[in-house]
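Here is a short report on one protein model.

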Amino acid sequence: IRDVERSRGLGDVYKRQDQYTKADLFILGSPMQIPWYSAFWMLAGLDLKEELYTVVPICFTPNLPAIPERQKVSFISAGMFYPWQNPFDALQEVLSALDEARSGKLVIYTGKHPTWAEINSSLTDPRSRLGESERLEVRGLLPFDGVVSEWGKCACAVDVMRPNLERRLANPMRTTTYLWLGIPVIISDFYWISELVKRYEAGWLVDPLEKGAVKSIVLTACRM
């Protein structure tokens, strides 16, 4: 079985190398992805001295949408709950703070992946990790016009996950969407976009391994 798994893994690498040799330009989502892809480019025999790539972060039109009336003390988390991500410690702290303050709610937008059917059986139901709470609402996925009208009603977004390689390399589209909608974010301090959040005072950076960091911010928001 292990030999088969190894051969499949090598096959994926060979396929990737073959695809890379056919490309004229690589478009990366964040500067943190450059070292990762450079290794594959070298394996494919590409000359790294050439202008191989450009970095184009996920972004939106500069024509910002109208900000709807915010629901006071409402927090949002959105996206798929993939098995290699752990946002649950932070979300549990949000709920704990809301329970302590006896106000507010956490709204989670999630559901089955619309195109990646193989992953659906591995996606985590947030209620199985967070339990039932009167402060928790779990809603389905929305088309983009629904995202604009519904996500924007929330007062604050939570995008705090434990660090791993995938998260360090990621270009978090959910965070970009929150910011485009004018929603301040509580965000892990290791994302590449975190420095922009700090620079423009668009939210709060937290160490995802620091217990109680998220809860402290939420409690402060509840008292405002």
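## Cysteines

Cys156 is buried, with a relative accessible area of 6%. Cys154 is buried too, at 2%. Buried means under 20% relative accessible area, exposed over 50%, and partly exposed in between (1.4 Å probe, protein chains only).

The whole structure holds zero disulfides, a disulfide being a pair of cysteine sulfur atoms within 2.5 Å. For Cys156, the closest cysteine sulfur is in Cys154, 9.5 Å away and too far for a bond.

## Basis

This is a predicted model: local features need pLDDT of at least 70, side-chain atom pairs count only at pLDDT 80 or more, and totals for chains, interfaces and linings use all residues. Residues are numbered from 1 along each chain as its sequence is written, and side-chain values use heavy atoms, without hydrogens and water.

## Ser96

Ser96 lies in helix H3 (residues 88-101). Helices are DSSP runs (H or I, at least four residues), numbered from the N terminus. Ser96 is partly exposed, because its relative accessibility is 29%.

## H3 against H9

The axes of H3 and helix H9 (residues 213-223) come within 8 Å and cross at roughly 35°. Axes are lines fitted to C-alpha atoms over the stretch in contact, with angles from 0 to 180 degrees between N-to-C directions. Contact means heavy atoms within 4.5 Å. Contact residues include Ser96 of H3 and Lys215 of H9.

Conventions:
Helices (H or I, at least four residues) and strands (E, at least two) are DSSP runs, numbered from the N terminus.
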